[in-house]
Amino acid sequence: QAGQADLPKTIWEKVKNHPCYSEEAHHHYARMHVAVAPACNVQCNYCNRKYDCANESRPGVVSEKLTPEQAAKEVLAVATSIPQLTVVGIAGPGDPLANPEKTFKTFELVARAAPDIKLCLSTNGLALPDHVDSIARAKIDHVTITINTVDPEIGAKIYPWIFFNHKRYTGIEAARILIDRQLQGLQMLTERGILCKVNSVMIPEINDLHLVEVNKTVKARGAFLHNIMPLISAPEHGTVFGLNGQRGPTAQELKALQDGCEGETKVMRHCRQCRADAVGLLGEDRSAEFTTERIMAMD
Ligand code: SF4
Ligand code: SF4
């Protein structure tokens, strides 16, 4: 796990209060996700759009969608009730950067209402290079990019299509564009000193062995943490992988891969794959206490 001893001092200073990035902090500090971003520009075979973006969240969960104004209000209400709240993130339910107006408006309102709270964002990376300036301007501290492969042939098995520059691309061409944009975005962010974590979904027999290569590639482009998450693909969630009978990795397979990547980029092991509207300490979810109805009723 990432801890003070493992990270350079400058990075440690930035993450020590961040429950997702620091093993120590996740016991003491709370984070909150606001689900303001419904659309997505990519299709992943492990995702069913009826649910939250599975790149950052546990699949099969439906978050309550908020407007930026509702989200900012909810942040204030939560910050009052949970003083350990240090981080507000946008992770879905679709891709935050496929909904840039809503995402950046929300960050602006949250920063105005609660200037001490750190902001973070997670994305599939397709639109990332176009938004690096806005991310820097919004003072977003941390970005998570989901990169499942750096090989377009493997990518074609994970992503049936992407929507890019007003056009739908499929197959290897789609995967090549997506991978180029993800790596370009990662490099642009790290060059500006914005901390980047990379998430990868481990899919047995598709990208499992290849994730060691992903680990090396993202480290070379400045990612400071690599979070390898197991595929959760239950048939009842209606994902392509679930319906094809694609299995997720066993706990032993996941651990063996995480061990194999140690020494390259720090591997995160305490991720809980929390939902796009999660509230509270990692491992607890208090979102039911903060429904929009209740927040709006506080007027
Ligand atoms: Fe689903 Fe997220 Fe993939 Fe979009 S990026 S298809 S919301 S898992
Ligand atoms: Fe940020 Fe992801 Fe942690 Fe949410 S789970 S606070 S988006 S790093």
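Which residues are around ligand 1?

1. **Ligand shell.** The residues around ligand 1 are Cys-40, Val-42, Gln-43, Cys-44, Cys-47, Cys-53, Ala-54, Asn-55, Gly-94, Asp-95 and Asn-124. A residue is near a molecule or strand if its C-beta atom, placed from the backbone, lies within 6 Å of it. By class, this shell holds six nonpolar, four polar and one charged residues. Nonpolar here means Ala, Val, Leu, Ile, Met, Phe, Trp, Tyr, Cys and Pro; charged means Asp, Glu, Lys and Arg; the others, Gly among them, are polar.

2. **Basis.** This is a predicted model: local features need pLDDT of at least 70, side-chain atom pairs count only at pLDDT 80 or more, and totals for chains, interfaces and linings use all residues. Residues are numbered from 1 along each chain as its sequence is written, while chains are lettered from A and ligands numbered from 1 in the order in which they are written.

3. **Sheet.** An open sheet of three strands runs in the order E2-E6-E7, with antiparallel pairing. Strands (E, at least two residues) and helices (H or I, at least four) are DSSP runs, numbered from the N terminus. Two strands pair if DSSP finds at least two bridges between them. The edge strands are E2 (42–43) and E7, each pairing on one side only. E6 and E7 are joined by four bridges in the antiparallel sense. Trp-161 has Thr-170 in E7 as its bridge partner.

4. **Helix on the sheet.** H6 packs on the sheet and touches E2, E6 and E7. Contact means C-beta atoms, placed from the backbone, within 7 Å. The direction of H6 makes about 110° with that of E7. Axes are lines fitted to C-alpha atoms, for helices over the stretch in contact, and angles run from 0 to 180 degrees between N-to-C directions.

5. **Core.** The largest nonpolar core has 76 residues. Such a core is a set of buried Ala, Val, Leu, Ile, Met, Phe, Trp, Tyr and Cys residues joined through C-beta atoms within 7 Å. Buried means 20 or more other C-beta atoms within 10 Å of a residue's own; exposed means 12 or fewer; partly exposed lies in between. Val-34, Val-75, Val-143 and Cys-196 have the most contacts inside the core.

6. **Backbone points to check.** Most residues other than glycine have a negative phi, and most peptide bonds are trans. The Gly-92 to Pro-93 bond is cis, with omega near 10°. Lys-139 has a positive phi, near 60°, and is exposed. His-166 has phi near 65° and also counts as exposed, with 5 C-beta neighbours inside 10 Å.

Definitions and conventions
Two residues are in contact if their C-beta atoms, placed from the backbone, lie within 7 Å.
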